[in-house]
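Welcome! Let's take a short walk through this structure, stopping at a handful of places along the way.

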Amino acid sequence: MAMQLRERVASLMDRAHGDLAELVAIPSVADARQYPPEECARAARWVVDHFAEVGFTNLGLHETSDGSHAVYGERPGPGPTVLLYAHYDVQPPLDEKEWRTPPFTLTESGGRWYGRGAADCKGNIVMHLTALRALGDDVPAHLKLIVEGSEEQGTGGLEDFVVKHPDLLRADTILVCDTGNAAVGVPAATVTLRGMVNVVVTVEALAGELHSGMFGGAAPDALAALVRILASLRDEAGNTTVSGLDNGQTWSGAPYAPEQFRSDSGLLDGVDLLGSGSISDMIWARPAVTVLGIDCPPVVGSAAAIQPHARARLNLRVPPGTDAVKALDALIAHLHSAAPWGVRVTVTKEALGQPFEARTDGPAYRAFAAAMAEAYGREMTTLGQGGSIPLCNVFADTFPQAEIILMGVEEPTAAIHAPNESVDPREIASLAEAEALFLRKR
Ligand SMILES: [Zn+2]
């Protein structure tokens with residue numbers, strides 16, 4: 001059964017290449033200042049036409065609140081409802097001189113297919129198509145399709161659309177296909193996303209600037225106070241130390257090799273990795289605070305003066321299992337209590353997003369893990385993601401009963417969002433097989 005499916009997928013890979021070449025050739029960057037909106041319209045029509053070929057009906061474009069168009073369709077069938085997600089918009093190519101191949105021409109090199117969107121997320125669109133072609137009429141599930149057109153812009157068109165059209169999109173299982181495996185050939189589901197909190201902290205100490213020679217030594221310096229406050233947010237080892245916020249959680253899924261992380265993050269020789277946990281612990285299971293900006297005099301033009309006020313913008317990543325509102329409260333309390341010398345501190349909230357945790361105890365997750373194991377010949381592992389995908393929280397809030405599974409062809413070497421993005425066609429084939437097996441099992 002599985003073998004048959006594998007052979008069918010293999011026989012469909014030339015077509016998958018042709019499809020991906022057509023899609024990548026459409027520069028569907030959803031920013032009218034960079035590319036004409038007709039390109040996004042072309043990509044949306046391409047999706048409509050190709051899903052019509054695999055039995056989807058009621059296909060159409062739905063305008064969302066940010067002006068982008070989401071493709072929606074249905075493929076009636078018996079059994080549970082499965083919603084397939086992807087997006088047809090792409091990141092801009094960035095510096096075209098950095099590309100070794102033309103960004104909008106799918107080009108094979110070293111067994112990989114290069115081009116903007118080859119993995120994120122057009123590779124996942126082609127994966128869906130390949131899985132459905134391999135299954136033919138044999139799909140014992142009611143399928144829904146949503147392919148959005150502004151994911152990379154972060155303007156929230158689809159998030160808004162889901163809330164306004166819950167009945168249209170309601171499903172038992174949602175396959176969010178916009179992540180990737182642990183490595184090529186190492187199947188993984190992404191099961192958690194960190195949330196986030198952004199605040200601005202302002203420190204005031206003096207009525208105005210003072211001569212650092214005449215007053216320095218006794219007059220409190222707002223910038224020095226801010227530096228002390230910020231320093232209290234990390235310990236010697238670099239662990240984030242917000243009072244009242246647990247920083248000892250561990251990651252039970254896939255490890256992230258330190259050498260790999262050093263290379264992925266471009267760490268300079270001799271510079272240490274932070275924290276007392278493993279890499280997976282630090283980036284997926286624990287909080288992380290980052291100073292995003294500081295307002296203080298720039299070096300050029302600065303005077304010999306004590307600063308009366310200073311401020312900083314902070315970003316706190318909130319691990320799964322921690323309520324982002326509690327994390328915000330803890331951060332605000334910490335910033336106040338860490339302030340030295342009685343300086344005045346005000347903290348204002350800018351943004352807050354809850355972390356996400358996929359259900360992994362349901363029948364769909366079990367069926368998906370079994371399908372991945374069958375397609376890859378090894379057990380599926382789990383990954384986290386340090387950033388957030390707000391759509392996942394919207395799905396979870398709108399459809400609390402649904403099982404949400406994050407997967408896709410964007411493994412770490414795909415270089416999504418960077419120049420020289422690529423996809424490994426073996427990932428398209430294996431994930432199409434896994435998706436087909438899963439849909440059959442549902
Ligand atoms: Zn994406």
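Predicted model: local features only at pLDDT ≥ 70, side-chain atom pairs only at ≥ 80, totals over all residues.

## Around the aspartate loops

The loop between E5 and H4 also holds Cys121. The peptide bond from Asp120 to Cys121 is cis, with omega near 5°. As background, most peptide bonds are trans.

Strand E7 contains Leu175. Is Leu175 buried or exposed? Its relative accessibility is 0%, so Leu175 counts as buried. Between Leu175 and Ala119 there are 16 Å in space, C-alpha to C-alpha, and the two are 56 residues apart in sequence.

## A covered strand and its partners

Next comes strand E6, residues 142–148, which is mostly covered: seven of its seven residues are buried. In a regular strand, side chains alternate between the two faces of the sheet. In E6, His142, Lys144, Ile146 and Glu148 point one way, and Leu143, Leu145 and Val147 point the other way.

Which way do the partners of E6 run? Strand E2 (residues 69–75) pairs with E6 in the antiparallel sense over five bridges, and there Arg75 has Leu143 as its bridge partner. Strand E3 (residues 81–87) runs parallel to E6, joined by seven bridges, with Leu84 standing opposite Leu145.

## A three-stranded open sheet

Strand E5 takes part in an open sheet of three strands, in the order E4-E5-E18 and with antiparallel pairing. Strand E4 (107–109) and strand E18 (422–423) are the edge strands, each pairing on one side only. Three bridges join E4 to E5, and Glu108 stands opposite Trp113 in E5.

The loop between strand E17 (403–407) and E18 holds His417, and Asn420 is placed in that loop between E17 and E18 as well. Most residues other than glycine have a negative phi. Phi of His417, however, is positive, near 70°, and Asn420 has a positive phi of about 65°. His417 is partly exposed, with a relative accessible area of 35%, whereas Asn420 is buried, at 12%.

What volume does the largest pocket have? About 1200 Å³ of space lies in it. The largest pocket is lined by 44 residues, and Gly384, Gln385, Glu410, Pro412 and Ile416 lie nearest its centre. Helix H5 (157–164), helix H8 (258–265), helix H9 (279–285), strand E16 (381–385) and helix H12 (390–398) are the elements that give two or more residues to this lining. Of these, H8 gives the most, with four residues. By class, the lining of the largest pocket divides into 17 nonpolar, 18 polar and nine charged residues.

The second largest pocket has a volume of about 440 Å³. It is lined by 20 residues, and the closest to its centre are Arg194, Phe261, Met282, Ile283 and Ala288. At least two lining residues each come from H9, strand E11 (288–295) and strand E13 (309–318). H9 supplies the largest share, three residues. The lining of the second largest pocket has nine nonpolar, seven polar and four charged residues.

Note on methods
Residues numbered from 1 in each chain as written. Heavy atoms only, no water. Pairing = 2+ DSSP bridges. Buried < 20%, exposed > 50% of the residue type's maximum accessible area, 1.4 Å probe, protein only. 1 Å grid on protein atoms, 1.4 Å probe; cavity = no way out; pocket = protein on both sides within 12 Å on 5 of 7 lines; lining within 4 Å. Points joined across faces, edges and corners; volume = space filled by probe spheres on them. Nonpolar A, V, L, I, M, F, W, Y, C, P; charged D, E, K, R; others polar.
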